[in-house]
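These are my notebook entries on a structure that I went through residue by residue.

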Amino acid sequence: AYAGEPLTIDTVTYQSEKETGHRNRAIGHMLRNFDILTDTPDPVLDLYFQQCSVLVNCRQLAMMAATLANGGVNPLTQERALRPEYVGDVLSVMTTCGMYDYAGEWVYRVGLPAKSGVAGGVMAVLPGQLGIGVFSPRLDLRGNSVRGVKVCTQLSRDMGLHFLQPPRTGRSVIQARHSLATRRSFKRRTRSEGLLLDRHGGGVRILVLQGELMFSTVEPVMRDLEALIGEVDSVVLDLRKVTHIDPAAEQQLLECAQWLHGNGALLIFSEVQRHARFRRRVEEASTEHIWLRNSLKASLDEALEWCEAQLIHQHTGRKETLDLEFLSQHQLCDGMSRIEVEQLQGLMQEERYTTGETIIQRGAAADRLFLLISGEVSIYVEQPVGRRRRLATVLPGVAFGEAAFVFGGVRSADVIADRAVFCYSLTLAAFEQMQESFSHLKITLLQNLLRAATLTSQRMVSEIAASDG
């Protein structure tokens, strides 16, 4: 039941143990003398000699350890090998004397309940996590496998397995789960692109991680990723709230990236600047695995933006949002006739800006609406200590500065051209004049502004609802 398959007894070993086990026989009679055994010790000794002669291979030994780690239930067959109330008893005996006279130092250096055998096997258990089986016949003076002890010592050290040194946080390392359908980058995209991302955004998942990443805490992440195979094209691991990544976890994440790549998905790491060693390991690995070069992103927004672009390219063939050829293609002109578009164009001014030029300055009068035709702009707000934070990036087909038509007053943010911009601007005065000559045009424009604002609001509500706070 422990090994999950039939086992046999080596009769030669059994007979040898039975004929030469004088010390064990003496112990048995001493136990009988003190009434710890209440009957003749021979049947108990015979059973013990048989147990000492069971044949297992290294994999079966590891499975027996895994069964103890799993509370007495074999993790593959789901058969119970040991009643739950006895699991703690067995592990306690393994901890205190399973490694013969080396037990105390073993707990100090390795920190895993273990049992050694004179055949050269070592079975070690990390409760709730894993079982280890090692086989190497050369024994030390205490009767333990020399290499088995060294292997377990190194595994414990490298992977942080000592059961008295658990993670310092009791929280799950996965703080939140999102998809690109509910969590977007700062880019304000056209309505058609937004609908595309709504429809296919489930193909990109985001896992927000927190706390310390080590062997035991990365395992739930790996299980989550395994469950996503076949459902996703990309998975973003947001490391912004991760406080530490130990070498074992770094190796696990790299192997996980390679494993996902083999199953047709890319693993992306965002917010890696705080984890310089891990970043270097990924960069070094990318010299051999070229696909890893797209796996490091400085921020979650950069990662989401990259995933959005890949998704749009996958479903449209476009690698980026195209500049508009005509004003009629702008989303604020939806539902307008050709004549109405010409009327609107006649009321607006053409404007051009070079890369890096300020289009709107914080504190200036909020008196114009901009319809972006080509180029790209970003909206920034000031933060304490002179820092700026990007609120959004606007792409062709999207408007900006619309707060002028709602609130008036002065601008609360800066808008800067990320690349050469061509746009139309509509002043508040020209907008007010529409009431007299082009009332239907004004209504359509207001409806489109309201629709765009509603979509933005819905997106923000959706992201807040899915947010990790």
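Is Glu 305 buried, partly exposed or exposed? I found Glu 305 to be partly exposed, because its relative accessible area is 21%; here buried means under 20% relative accessible area, exposed means over 50%, and partly exposed lies in between (1.4 Å probe, protein chains only).

Before going on I noted that this is a predicted model, in which local features need pLDDT of at least 70 and side-chain atom pairs count only at pLDDT 80 or more, while totals for chains, interfaces and linings use all residues. I also noted that residues are numbered from 1 along each chain as its sequence is written, and that side-chain values use heavy atoms, with hydrogens and water left out.

Entry on salt bridges. I looked up the total and found that the structure holds 24 salt bridges, each defined as a side-chain nitrogen of Lys or Arg within 4 Å of a carboxyl oxygen of Asp or Glu. Asp 224 pairs with Arg 177, with 2.6 Å between the closest N and O atoms.

Entry on Lys 187. I then followed the salt bridge between Lys 187 and Glu 305, whose closest N and O atoms are 3.5 Å apart. Because Lys 187 sits in strand β7 (residues 187–188) and Glu 305 in helix α12 (residues 300–316), the pair ties together parts that are 118 residues apart in sequence. Lys 187 also forms a salt bridge with Glu 376, the closest N and O atoms being 3.4 Å apart. That pair links distant parts of the chain, since Glu 376 lies in strand β14 (residues 368–383) and Lys 187 in strand β7, 189 residues apart. I recorded Lys 187 as buried because its relative accessibility is 17%, and Glu 376 as buried because its value is 15%. Lys 187, Glu 305 and Glu 376 are linked with Asp 301 and Arg 390 in a network of salt bridges.

Entry on backbone angles. Asp 35, although not a glycine, has a positive phi of about 60°; Asp 35 is in the loop between α2 (22–33) and α3 (42–51), and counts as exposed because its relative accessibility is 53%. Glu 271 likewise is not a glycine and has a positive phi of about 60°, and is found in the loop between β10 (266–270) and α11 (276–286). Glu 271 is buried, because its relative accessible area is 15%.

Entry on helix α14. Which residues of helix α14 (residues 428–437) are buried? I noted Ala 430, Phe 431 and Met 434 as buried there. Seen down the axis of α14, the buried residues fall within an arc of 100° and so line one face of the helix, the arc being that of the directions from the helix axis to the C-beta atoms. On the other side of α14, I noted Gln 435 and Glu 436 as exposed.

Note on methods. Helices (H or I, at least four residues) and strands (E, at least two) are DSSP runs, numbered from the N terminus.
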